[in-house]
Amino acid sequence: NPVNSTVPIASEVLKAAGVYNPRKLLGVTTLDVVRANTFVAQAKGLDLKEVDVPVIGGHAGATILPLLSQTVPSVSFSDAERKALTTRIQEAGTEVVEAKAGAGSATLSMAYAAARMAESTLLGMQGEPNMFECAYVESDVVPGAAFFASRVQLGPQGVAKVNGLGQLNEFEKAALDAMLPELKAQIEKGFAFAKNPPKKE
């Protein structure tokens, strides 16, 4: 799922065609949120329907950063729990592939996440207020990262507002700093591919 690079590629293709609208180009990272919500609910004995964990950054490996400190409802995590949950959320796709012994991937959870994002987008387009999802969009939330996943408000014209990151704890600040070079490199890889695509033989 090379969303970190393919969204920048798509932006350049749309710019070249003269039709780019950053409010209407979203990389879907809902699967990371769904996984974070599920794992936190299981770990803390919460009702999954009531749990919301924002996930920021990108949609691959270490660039996936769940903000466990901002979990709703508010819950506390030990340092060990925080580290283990973050790693599990980042590597959940691999966990499923290994559980299926290579015979498939997380098809049902991907379908659920896609349906959730589609429903939220359509409700936002219809003017339903307070439609929020995390998505990977053109953003100035983090300096130097042209694209970044954070909570966005969805409206009739697409992305109505890109929210900031809120208050991060020390673990999250360190994880953000550590993953930014990788995310920026993947964004630049997308831009470079769009400018110099492979020649057809």
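Visitor: What should I know before we start?

Guide: This is a predicted model, where local features need pLDDT of at least 70, side-chain atom pairs count only at pLDDT 80 or more, and totals for chains, interfaces and linings use all residues. Residues are numbered from 1 along each chain as its sequence is written, and side-chain values use heavy atoms, with hydrogens and water left out.

Visitor: Why is E12 called buried?

Guide: Buried means under 20% relative accessible area, exposed over 50%, and partly exposed in between (1.4 Å probe, protein chains only). E12 has a relative accessible area of 18%, so it counts as buried. This residue belongs to helix 1 (residues 3–16); helices (H or I, at least four residues) and strands (E, at least two) are DSSP runs, numbered from the N terminus.

Visitor: What is E12 in contact with, leaving aside its neighbours within four places in sequence?

Guide: Those partners are F191, A194 and K195, where contact means heavy atoms within 4.5 Å.

Visitor: And what makes N130 exposed?

Guide: Its relative accessibility is 57%, and the cut-off is over 50%, so N130 counts as exposed. N130 sits in the loop between helix 5 (107–125) and strand 4 (132–138), and has a positive phi of about 60° although it is not a glycine.

Visitor: How do you know that the buried residues of helix 3 line one face?

Guide: The buried ones are R82, L85, T86, I89 and Q90. Seen down the helix axis they fall within an arc of 130°, so they line one face of helix 3; the arc is that of the directions from the helix axis to the C-beta atoms. The face turned away carries the exposed residues A80 and K83.

Visitor: What makes a set of residues a nonpolar core?

Guide: Its members are buried Ala, Val, Leu, Ile, Met, Phe, Trp, Tyr and Cys residues joined through side-chain atoms within 4.5 Å. The largest one here has 21 residues, and Y136, F147 and L176 are among those with the most contacts inside it. Helix 6 gives the most to this core, with six residues. Another core, of 15 residues, lies apart from it and includes V40 and A92.
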